[in-house]
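This report describes one protein structure for a reader who has not seen it before. Please look at the sequence and the model first.

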Amino acid sequence: MSIKHPRAALAGIGMAVGISVLAAIGAGAQETAPTPAAPAAPAQTAPDPATVVATVNGQTITEADLTLAEADLDQQFSQLPPEQRRAAALSALIEIRLLASEAEAKGLDKDPEFERRMAFLQQRALHSAVIDSEVSSKITDEEIRKRYDTEVSSTPPVNEVKARHILVKTKEEADAIIKQLDAGGDFEKLANENTTDPSGKETGGDLGYFGPGQMVPEFEKAAFALDVGAYSKEPVQSQFGFHVIKVEDKRTQQPPAFDQVKDQIRSILLRENYFALVKSLRGAAKVDIADAELKKAIEQVDGAQ
């Protein structure tokens, strides 16, 4: 039941019809005289780093300052939308300028502990700068690809087996299961019903693919000796009990795709090149460590790298 007045309902119908007709007319007009497409919005250009964004007591805050603040405070603002992140970074930068000026007015910048801290922060920033300049920026895609190809070509192929198993406590139980398989029993069903391996009770004893060294020796030897589609005719004993094993497939493990490991290889090269640079600089430097125990500990750390 509708609570609308009949006239209101008719008015609504009339409006709906009117809208439909206008839409149809509009569609027809577009077919006969298409309107030109709106011009594409111009691509936004990066702001000039020297552009002044704000001033604090006459001190300017430029786009370069804001970009640096956004990068430095990224973890705090990473969940914010870009415009809010920019505003939050500017607000934080204004607070930093105000409090820094207050600290200078009180002479805190002359405190020896503060000066030591500033010297350390400067050295750490220079440390990062030389890594970017001499290590990180010099690792090319070609170098990463070459390392990948070298690793792939020097890695011997690894054979894998895809198998299922039924684990039981006694040899008698395993023998009984083998008899059922000989009589045409379904391996997966028998595994779900009998295995004591918790991970195999609902998966038909599925172990997936595995290679050398991933299973206990007795199990591995028996599994790799079986042909695809065959199951063990004798129970295989291990420290876990007695296994009945079925092999479903064999394959040669394929190396991971380049794109899958590219970042990992870059990290390895970064680490290697970093330590090579450090070793070179240490070899040319004179470093004296007064504390004998600390010197020994440093030598152990350096030897492990």
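Is Ser238 buried or exposed? Ser238 is buried, because its relative accessible area is 9%; buried means under 20% relative accessible area, exposed over 50%, and partly exposed in between, with a 1.4 Å probe and protein chains only.

The model is predicted, so local features need pLDDT of at least 70 and side-chain atom pairs count only at pLDDT 80 or more, while totals for chains, interfaces and linings use all residues. Residues are numbered from 1 along each chain as its sequence is written, and side-chain values use heavy atoms, with hydrogens and water left out.

**The chain as a whole**

The protein chain has eleven helices and six strands. Helices (H or I, at least four residues) and strands (E, at least two) are DSSP runs, numbered from the N terminus. Of the 305 residues in the protein chain, 21% are buried. Contact means heavy atoms within 4.5 Å. Among the contacts in the protein chain with a separation of 6 or more, 61% are between residues 24 or more positions apart.

**Strands**

Ser238 lies in strand E5, residues 236–238. Beyond its neighbours within four places in sequence, Ser238 is in contact with Val216, Glu218 and His243. Leu167 is 71 residues from Ser238 along the chain, and the C-alpha atoms of the two are separated by 9.8 Å.

Strand E3 covers residues 159–168 and includes Arg164. Nine of the ten residues of E3 are buried. The pairings of E3 are listed here.

Arg164 counts as buried because its relative accessibility is 10%. The side chain of Arg164 reaches the backbone oxygen of Thr203 at 2.7 Å. Leaving aside neighbours within four places in sequence, the residues in contact with Arg164 include Phe187, Glu188, Asp206 and Lys246.

Asn57 is in the loop between strand E1 (52–56) and strand E2 (59–62). Its relative accessible area is 70%, so Asn57 is exposed. Asn57 is not a glycine, yet has a positive phi of about 50 degrees. Most residues other than glycine have a negative phi.

Axes are lines fitted to C-alpha atoms, for helices over the stretch in contact, and angles run from 0 to 180 degrees between N-to-C directions. Angles under 35 degrees count as roughly parallel, over 145 as roughly antiparallel, 65 to 115 as roughly perpendicular and the rest as oblique.

The axes of helix H2 (residues 63–72) and helix H4 (residues 82–105) come within 9 Å and cross at roughly 100 degrees, so H2 is roughly perpendicular to H4. Residues making this contact include Leu66 and Ala69 of H2 and Arg86 and Leu90 of H4. By class, the contact has five nonpolar, no polar and six charged residues. Ala, Val, Leu, Ile, Met, Phe, Trp, Tyr, Cys and Pro count as nonpolar, Asp, Glu, Lys and Arg as charged, and the others, Gly among them, as polar.

For helix H6 (residues 141–154) and helix H10 (residues 258–284), the axes come within 9 Å and cross at roughly 105 degrees, which means that H6 is roughly perpendicular to H10. Among the residues in this contact are Ile144 and Tyr148 of H6 and Ile265 and Leu269 of H10. The contact of H6 with H10 has seven nonpolar, one polar and seven charged residues.

Conventions
A polar contact is a pair of N or O atoms within 3.5 Å; within protein, one must be able to donate a hydrogen and the other to accept it, and residues adjacent in sequence count only if both atoms are side-chain atoms.
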